[in-house]
Amino acid sequence: MVSRRKFIQSMLVAGSSLMLPGTIQAYEQGEEIATLLDLSKCVGCGACVDACKEANAHKFPRPKKPFPKMYPKRVKVSDWSDKQDVDDRLTPYNWLFIQTASGVWKGEEFEINIPRRCLHCVNPPCANLCPWGACSKQENGIVRINSDICLGGAKCKKVCPWHIPERQTGVGLYLKLLPSYAGNGVMYKCDRCYDRIAQGKLPACIEACPEGVQTIGPRSEIIAKAHKLAKKMKGYIYGEKENGGTNTIYVSPVPFEILNKFIEKGPGRPHLNQVSYSMAKEENLGFAVLTAPVAGFAAGILTVLNKVKQRKDHELE
């Protein structure tokens, strides 16, 4: 297990050699960081959920109302600003929640609590297929949505196998461009406390957990620990291979296909099905190759436009 001191020391070393402004080097020797969640330890206390909200509150949307009328009308408003206390599903104001699976397996009753958030895929379709370059993957494996240039088109949500990102209308760059035509807000999801990690701190959910459910470290070490733990508890692993591999690895004493039958699924409540490698699909690979230069160019233009607008707003104050 990675101690807090070792984690901070390695993060400080990584943070001292920045690749680009706003990006962090990988955890150690160019390797991505991953987290292991031992579901046999989670008691569903919600300390991680509260810590996540507290640590990331400054990133939450502050929408302007009334919202612009959208054209075409099929673009629907997504407004969670009056439901910020919702904590039993993913929302733009709640990036982590606890799913509980209660049932019977092999003749015995079980109750498994599952912290759910973005899995931070090794090869994330949200980042690869965002047409505006608003979603990207850092060198250390963190997948982030840049709220300064996201237009809320929800491509990331559509291509995510778990449909994780959630939209809030009335915020973002679209209001400064063509508010009735160019998008409908900003997409939000767990960013793995990238700013805390950049300061050498643990993600808030890990630091707050009283049961030590999560372990963080280089992905190769986390995978090895997951297999060792699964062997010890005669358990099962989720996330190692799903969608080509993720940087969130679950280990459970109950098979995930069984857990999936007993969790509430739907909007904001992701499934636990097996997931094939979405970026292996020919159409996705082709789209990624074609859009990569366009997305990079668009991200640059949108960033410049946003900075110009911020400068003008500052001058008017």
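Guide: The turns below discuss strands, backbone angles and surface patches in this predicted model.

Visitor: How many bridges join strand S2 to strand S3?

Guide: Nine bridges join S2, residues 97-105, to S3, residues 108-116, and these strands run antiparallel. Phe 97 stands opposite Arg 116 in S3. The hairpin of S2 and S3 has two residues between the strands, and Lys 106 takes a positive phi near 55° there.

Visitor: What is the general idea when reading phi and peptide bonds?

Guide: Most residues other than glycine have a negative phi, and most peptide bonds are trans. In this structure, His 163 has a positive phi near 55°; His 163 is found in the loop between helix H4 (155-159) and S6. Lys 234 also has a positive phi, of about 55°, and is placed in the loop between helix H7 (219-233) and strand S9 (236-238). The peptide bond from Lys 65 to Pro 66 is cis, with omega near 0°, and Pro 66 lies in the loop between H2 and S2.

Visitor: Is Lys 234 buried or exposed?

Guide: The cut-off for exposed is over 50% relative accessible area. Lys 234 has 70%, so Lys 234 is exposed. His 163, with 41%, is partly exposed.

Visitor: Which residues make the nonpolar surface patch?

Guide: Tyr 71, Leu 177, Leu 178 and Tyr 181 make this patch of about 410 Å². Leu 178 counts as exposed because its relative accessibility is 52%.

Visitor: Which residues form the negative surface patch?

Guide: Asp 50, Glu 54, Asp 85 and Asp 87 form the negative patch. Asp 87 lies in the loop between helix H2 (47-56) and S2.

Technical notes:
Residues are numbered from 1 along each chain as its sequence is written. This is a predicted model: local features need pLDDT of at least 70, side-chain atom pairs count only at pLDDT 80 or more; totals for chains, interfaces and linings use all residues. Side-chain values use heavy atoms; hydrogens and water are left out. Two strands pair if DSSP finds at least two bridges between them. Helices (H or I, at least four residues) and strands (E, at least two) are DSSP runs, numbered from the N terminus. Patches are made of residues with over 30% relative accessible area and no salt bridge: like charges are joined within 9 Å, nonpolar side chains (Val, Leu, Ile, Met, Phe, Trp, Tyr) within 5 Å. Accessible areas come from the Shrake-Rupley method with a 1.4 Å probe; for residues, only the protein chains shown count as cover. A salt bridge is a side-chain nitrogen of Lys or Arg within 4 Å of a carboxyl oxygen of Asp or Glu. Lys and Arg count as positive and Asp and Glu as negative; His and the chain ends are not counted. The place of a charge is taken as NZ of Lys, CZ of Arg, CG of Asp or CD of Glu. Buried means under 20% relative accessible area, exposed over 50%, partly exposed in between (1.4 Å probe, protein chains only).
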